[in-house]
Amino acid sequence: MATGVEDRQLSNEFLENIYSIPHGEKIKECIQCGTCTASCPSSAAMEYGPREIIASLRAGMLDRVLNSDTVWLCVSCYSCAVRCPAGIPFTDTMYELKRLEVERGLSAGVPAATMAEAFAETVDQHGRNCETKLLRKYFLRTNPLRALPQIPLAAKLFFRGRLEIFPRTIKGLDGLRKMMAAIEEDGNK
Amino acid sequence: MISTTSAVYSYYPGCSQTATNRAYDISTRNVAGALGIGLVELRDWNCCGATVYLPVRRKRAFVLSARNLAIAEKQGHELATICNACYLALRKTNKYMAEEPELRAEIRAALAADAMDYTGSVRVRHFLDILVNDLGEQAISEKVRRDLSGLKVACYCGCQLSRPFDDLDDPDYPLIMQRLIGALGAEVVPFPMSAKCCGGLAVTTNPRLGRLLTGKILKVAKQRGADCVATACPLCQINLEAYQRKAAEAVGADCDIPVLYFTQLMGSALGLKSRDLALRDSLTPVKTLLNEKVGRQ
C-alpha cells in the first residue's frame, strides 16, 4: 500500500487524467447520491461500489480501490452512466481505472484483466478476434483446469461448426500496425 | 414509410459472427435479401475493439473502430451492424471524434500512417434500427408468410443497444425489438429485463456473478410465460443459451427456455428455410419450438 502522501498524489494524477477524457470533468459534480451503485449489476460483488470509488478519489484514497476486488467486476453495461444525475461517464472512468491497474501491474492474476489483455493481444496479432485462440490464451494464463468443464460446450459448438479453428487475419494488418504505432498512449509510444 | 436513407448499407458482421455466432450473420443476410435490403460487406474490416480493448489501450481502441469507419466512408453508405458491442464501439468512436478536436486529430494522423482518413460522415446503424425505422413495421407485416400468433416472445435487447447513447431507444426499457416482433404477428410478453446486462464476459471471468445475471434474465422470461427469448447481440445469445443449467442453480429457478436471434425468428416469419437461418446451430431446442408453434421449418 502507498503512503498517505503518495496515495493523495496518485488520486490527484488520476483525476487529472479523468478530466481529459470526454465529459470527464463532470466527475467534479458528483453529489454522492449512490444512484450509480444502486444501478450497478455488479456492485454487490465489488469491495467498493461506484459511489465509494468517487468518494475514495476525492479523499485521496484511490490506493484502497486499486488494491481491492472492484474495478474488473465492471461489466460495461453503462447503467450508472445513463442514470447519473450529474452526467458522469462512470463506465469510462472504470476503463481508466482498469488501465491504471494494468499499468501499475496490479491486475496480475485478475481473470477479467487477463481476458482483456489476451483479447487485445489477439486483435493486435490478426486485426480480428478469434474466440478459440482468445479462450486458449485465457485458460492457459489463469487456471487451465477451469477449461475442463468447458469441454462439453466446446464439443457441442464443434459439432455445429461453430468453432473457429484457425484465426482469420485481415489483409491490411501491416497497415493497421502502422496506425497503432503512430498513436501515442498518454505520452507513451 | 418514407425512407430518408439508401436501401443499400455497408455491412459490418463483427468477429463473433464469422464462427461461434455465424447463425446471426447467416440469418441477417437472408432476412435482408428477402426484404430487398442491400448489405455490402465492409472491405477487409477489422475488430471494433468491443469493450475489452479499451481497458488495455484507449486511443488504439478508437483507432480500431476508426479504420472501419474510414473504409465505410470510402464505400459511401451507412454502416449496418448486428452486434451490440460493435454498434457501441463504432458509435462511441464516431461521437468522440466529432466532439473532441484533439482526439480527432490524433486518430486521423494515425489513419494517415496507412493512407486512410475519416472525416466523420458515416452514420452507424443497428440492423434492428434499419428494419424498424427505415423499412417500417407496415412493410414488414406485409411480408409475413408464417403465422407466429401462437408464439410468446420475450424481447431481449441487451445493455449496449441503447446505452450509453439513448438516441435509438429508451436506455432502461428499449421497445424497438418488441415493435418488430409484434409486427411479425408474434405475441410479445412484457419483459422489463430487456436492457439488463447478461453478464457479458463475466460469465467466463467471474462465473458466480455472470451466471447470476444470466439467470435473472432467463428466470423472468419464464415467469412471464415466454416460449422463447429473442436476442440482438452475440454475447447475450451465447450466454443465455449455453449456461442455462448453471444459471438455474445460481438463481434457484427454472431457466430452461429456447433462445434465438431476432433475425432467426424474423426469417421464420418471412417463410425462410431452416438452413437459411442456421437453426441447427442452436444449443437450445429452437427448431423444435418453431416446428411446434409456427409450423414446419
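One definition before I start: the expected span of a helix is 1.5 Å times one less than its number of residues. Keep in mind that this is a predicted model.

Take helix 7 of chain A, residues 111-126. With 16 residues, its expected span is 22 Å, and the distance from the first C-alpha to the last is 23 Å, close to that value. Just past the end of helix 7, A:Gly127 has a positive phi of about 80°.

How many residues of helix 7 of chain A are buried? The count is 12 of its 16, which leaves the helix mostly covered. Among the buried ones are A:Met115, A:Glu117, A:Phe119 and A:Val123. The cover includes helix 6 (90-103) and helix 8 (131-141) of chain A, and also helix 8 (202-205) of chain B.

Chain A as a whole has 10 helices and zero strands. Its C-alpha trace spans about 55 × 40 × 35 Å along the principal axes. Of its 189 residues, 41% are buried. For contacts in chain A between residues at least 6 apart in sequence, 61% join residues at least 24 apart.

Now chain B. The axes of helix 9, residues 207-223, and helix 11, residues 244-251, come within 8 Å and cross at roughly 90°. Angles of 65 to 115 degrees count as roughly perpendicular, so helix 9 of chain B is roughly perpendicular to helix 11 of chain B. Helix 9 contributes residues including B:Arg211, B:Leu212 and B:Leu218 to the contact, and helix 11 contributes residues including B:Gln244, B:Ala247 and B:Val251. By type, the residues of this contact are six nonpolar, three polar and four charged.

How values were computed:
Residues numbered from 1 in each chain as written. Chains lettered and ligands numbered in written order. Predicted model: local features only at pLDDT ≥ 70, side-chain atom pairs only at ≥ 80, totals over all residues. Helix = DSSP H or I, 4+ residues; strand = E, 2+ residues; numbered from the N terminus. Buried ≥ 20, exposed ≤ 12 C-beta atoms within 10 Å, placed from the backbone. Contact = placed C-beta atoms within 7 Å. Axes fitted to C-alpha atoms, helices over the stretch in contact; angles between N-to-C directions. Parallel < 35°, antiparallel > 145°, perpendicular 65-115°, else oblique. Nonpolar A, V, L, I, M, F, W, Y, C, P; charged D, E, K, R; others polar.
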